[in-house]
Structure formats: structure tokens, C-alpha cells
Amino acid sequence: MTTPMNTAPRIEVHLLQVGHCRHPEWITLRGGRWSAAEFPSLSALLIHPSRGALLYDTGYATHFDAATRPFPERLYRWITPVQLAPEHTLAQQLARRGIALSDIVRVLISHLHADHVAGLRDLPRARFTALRAEIAQLARLGRLRALTHALLPALLPEDFAERLDYADDAPLRELGPLWSPFAHGFDLFGDGSLVAVPLPGHSSAQMGLLLRDQHDRPVLLAADACWSARAWREQRMPSLLARPLMHDWHAYRATLAGLLAVAQRQPDLLIVPSHCGATLTGFAPAAHGIAA
Ligand SMILES: [Zn+2]
């Protein structure tokens with residue numbers, strides 16, 4: 001791979017399904033089934049050899065219930081019924097791996113949709129990293145418009161701004177022709193281990209993450225650049241009903257095409273969307289390090 005990652009520290013990756021919601025499949029995948037399907041919500045636990053335990057997104061948390069109790073936010077939970085069993089909470093899944101919520105040193109936020117940031121309030125010591133334009137939109141949107149963009153500002157800790165670092169301030173790296181059309185990324189720790197890659201279209205400034213895992217596999221955590229592996233493999237867009245949720249429909253389509261292009265050039269690349277059950281269950285468990 002012509003990226004800074006060739007000699008970079010490897011990242012131990014554990015994919016956690018932290019709650020799920022239910023939707024008819026056809027909303028997320030044109031031509032999909034009419035019956036309701038389960039969409040797991042991903043939080044990726046990332047163990048950096050010297051930086052410690054990080055998360056890429058948090059999945060759902062009980063704060064989602066509180067934030068969607070009043071109107072008009074209550075509409076969100078009606079449209080998107082969410083389930084989070086106690087054994088699936090971030091706290092319990094981390095505890096089973098010997099990690100406390102207070103051990104998480106940083107959350108890399110793909111984007112601000114509620115199902116990706118609902119657990120931030122549970123992480124007392126974590127700093128946060130996101131792309132600047134993703135955060136800037138919050139100040140522009142009123143309560144109602146935020147809701148129509150799946151944003152629930154009440155989920156963010158009061159000191160969110162003080163704990164926030166912008167990915168854009170990290171060293172810029174050219175990714176090279178293998179990664180076209182994704183031209184550049186931000187080398188978050190300056191060691192090539194975690195490279196933030198803009199994946200435009202879905203939200204204001206969605207942040208994907210490139211890394212090599214403990215099995216030396218190249219991994220692209222792709223958040224909601226697509227909602228399933230079938231979507232990027234078969235180039236199937238969501239229903240037009242999902243269009244109002246998208247920041248830029250045409251950019252979303254270009255990003256979806258980009259995922260297929262990079263996968264065709266790199267057959268060993270693992271593309272991990274945040275809500276694809278098949279991808280999450282097919283991802284090999286950690287072979288060493290902390291207990292499963
Ligand atoms: Zn989203």
C-alpha cells in the first residue's frame with residue numbers, strides 16, 4: 001500500500017455491536033426487501049500500542065432515550081425504533097475485555113448522527129476527534145433542522161468543545177493512486193497508524209479511518225458511506241426516501257463508487273460500514289492481546 005501505514009504500528013481492532021435499530025431494508029438499499037431488517041450500530045474498540053484504548057464511534061446508549069423523550073425529538077425514536085440490551089451496552093462489552101469506560105482516552109467521531117455519538121457522555125476521560133466541517137454545522141442548525149439531520153445536540157457532553165481536537169489539524173498525507181478517488185488523509189498520531197479519510201456525502205464531513213489491524217490486514221472503517229457491503233459491491237444507492245437525511249446525494253454516490261474502486265485495486269482491503277451485520281459478524285476476532 002502506498003500509504004504512510006506500511007511501517008506504522010498495527011492497531012488491535014474489536015468490532016462491537018452497541019444496540020441496533022429496525023428499518024425496512026428497501027430504505028437503505030434500493031430494491032431491498034420490504035420487511036424490517038436489523039441494523040446494528042458499530043463502535044470499534046481500537047488498541048494503539050502506545051496511545052491506549054480508543055473508540056471509533058460509540059453506538060447507542062441510554063442517553064438516546066432521554067434525548068428523544070421530548071417533542072419533536074420523540075419523532076426520531078418513532079421512526080427509528082432502537083434496542084439496546086444491558087449486555088450490549090458499551091460499558092458491559094468493554095468490561096468483558098477488562099476495560100473501563102474511564103480507560104478510553106479518545107473517541108474518533110465519524111460523524112455526529114445520534115447512533116454514532118450517543119455514548120460520549122459515558123466516557124469521562126476521553127478527548128474527541130472529528131473533522132472541522134462536521135462540527136461547524138451544529139452551530140448553523142436550529143433544533144428542528146438538526147433533528148431532520150439525525151442530530152441530537154443533547155447527546156454531546158457540556159464540555160464537548162474543550163475536549164475536541166480537529167482531525168484536519170493532523171499532518172496531511174497523500175494516499176496515492178491505490179486509494180483514488182480518496183486523495184488524502186490526516187495522520188492522526190503522526191505515526192501512520194490511524195489515518196482519517198474524508199468520506200463526503202452522508203453528512204457534512206464524515207470521517208472514515210484507515211489502519212492496519214493486528215492481523216496486518218488493511219481496514220477502512222467507513223461509517224455510513226454505505227449501509228451494507230451489498231451497497232458498495234453492487235453500487236446500490238439508498239431509497240430516495242433517505243435522500244433528505246443526506247448532506248450531498250451526488251457526493252454520496254461518488255463516495256460509494258470510490259469504495260468499489262479501491263476494493264477492486266486492493267482485494268485484501270476490509271471495508272467496514274457501521275450498520276452491516278454481515279460485515280460485522282464476518283470480521284475475524286482478535287487473535288491476541290486482550291481477552292475476547
Ligand atoms: Zn449517519
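These questions and answers look at how some labels for this predicted model follow from its numbers.

Q: How do you know how confident the predictor is in this chain?
A: On a scale from 0 to 100, the chain averages a pLDDT of 90, and 95% of the residues score at least 70. Residues 286-292 are another matter: pLDDT stays under 50 there, though the model still has 16 contacts beyond four places in sequence for that stretch.

Q: What makes the chain agree with a compact globule?
A: For 292 residues a compact globule would come out near 19 Å, and the chain has 18 Å, so the two agree. The C-alpha atoms fill a box of roughly 50 × 40 × 35 Å along the principal axes, and buried residues make up 43% of the 292. As for contacts with a separation of 6 or more, 67% of them join residues 24 or more positions apart.

Q: Why is Arg106 called buried?
A: The cut-off is 20 or more other C-beta atoms within 10 Å. Arg106 has 24, so Arg106 counts as buried. Its place is in strand E5, residues 106-108. Beyond four places in sequence, Arg106 touches Leu54, Ala126, Arg127 and Thr129. What about Phe160, 54 residues apart from Arg106 along the chain? Their C-alpha atoms are separated by 12 Å.

Q: Why are strand E4 and strand E7 said to stand at the edges?
A: The secondary structure comes to 10 helices and 13 strands, and seven of the strands form an open sheet, ordered E4-E1-E2-E3-E5-E6-E7 with mixed pairing. Strand E4 (82-83) and strand E7 (164-166) each have a single partner strand, so one side of each is left without a neighbour in the sheet.

Q: How do you know that strand E1 and strand E2 pair?
A: Pairing takes at least two bridges. Strand E1 (residues 12-24) and strand E2 (residues 36-48) have 11, in the antiparallel sense, so they qualify. One place to look is His23, which stands opposite Ala37 in E2.

Q: What makes strand E8 and strand E13 edge strands?
A: They belong to an open sheet of six strands, in the order E8-E9-E10-E11-E12-E13, again with mixed pairing. Strand E8 (172-174) and strand E13 (270-273) each pair on one side only. From one strand to the next, the twist averages 30°.

Q: Which way do the residues of E10 point?
A: In a regular strand the side chains alternate between the two faces of the sheet. In E10, Val195 and Val197 point one way, while Ala196 and Pro198 point the other, and all are buried.

Q: What makes a residue such as Ala44 part of the largest nonpolar core?
A: Membership takes a buried residue of a nonpolar type, Ala among them, joined to others through C-beta atoms within 7 Å. The largest core has 73 residues, and Ala44 is among those with the most contacts inside it, along with Val107, Leu209, Leu221 and Ala222. Strand E12 (residues 218-223) gives the largest share, five residues. Outside its sequence neighbours within four places, Ala44 is in contact with Val13, Leu15, Leu55, Tyr56, Asp57 and Leu221.

Note on methods. Residues are numbered from 1 along each chain as its sequence is written. This is a predicted model: local features need pLDDT of at least 70, side-chain atom pairs count only at pLDDT 80 or more; totals for chains, interfaces and linings use all residues. Helices (H or I, at least four residues) and strands (E, at least two) are DSSP runs, numbered from the N terminus. A residue is buried if 20 or more other C-beta atoms lie within 10 Å of its own, exposed if 12 or fewer, and partly exposed in between; C-beta atoms are placed from the backbone. Two residues are in contact if their C-beta atoms, placed from the backbone, lie within 7 Å. The radius of gyration is taken over C-alpha atoms; the globule rule is 2.2 Å times the number of residues to the power 0.38. Axes are lines fitted to C-alpha atoms, for helices over the stretch in contact, and angles run from 0 to 180 degrees between N-to-C directions.
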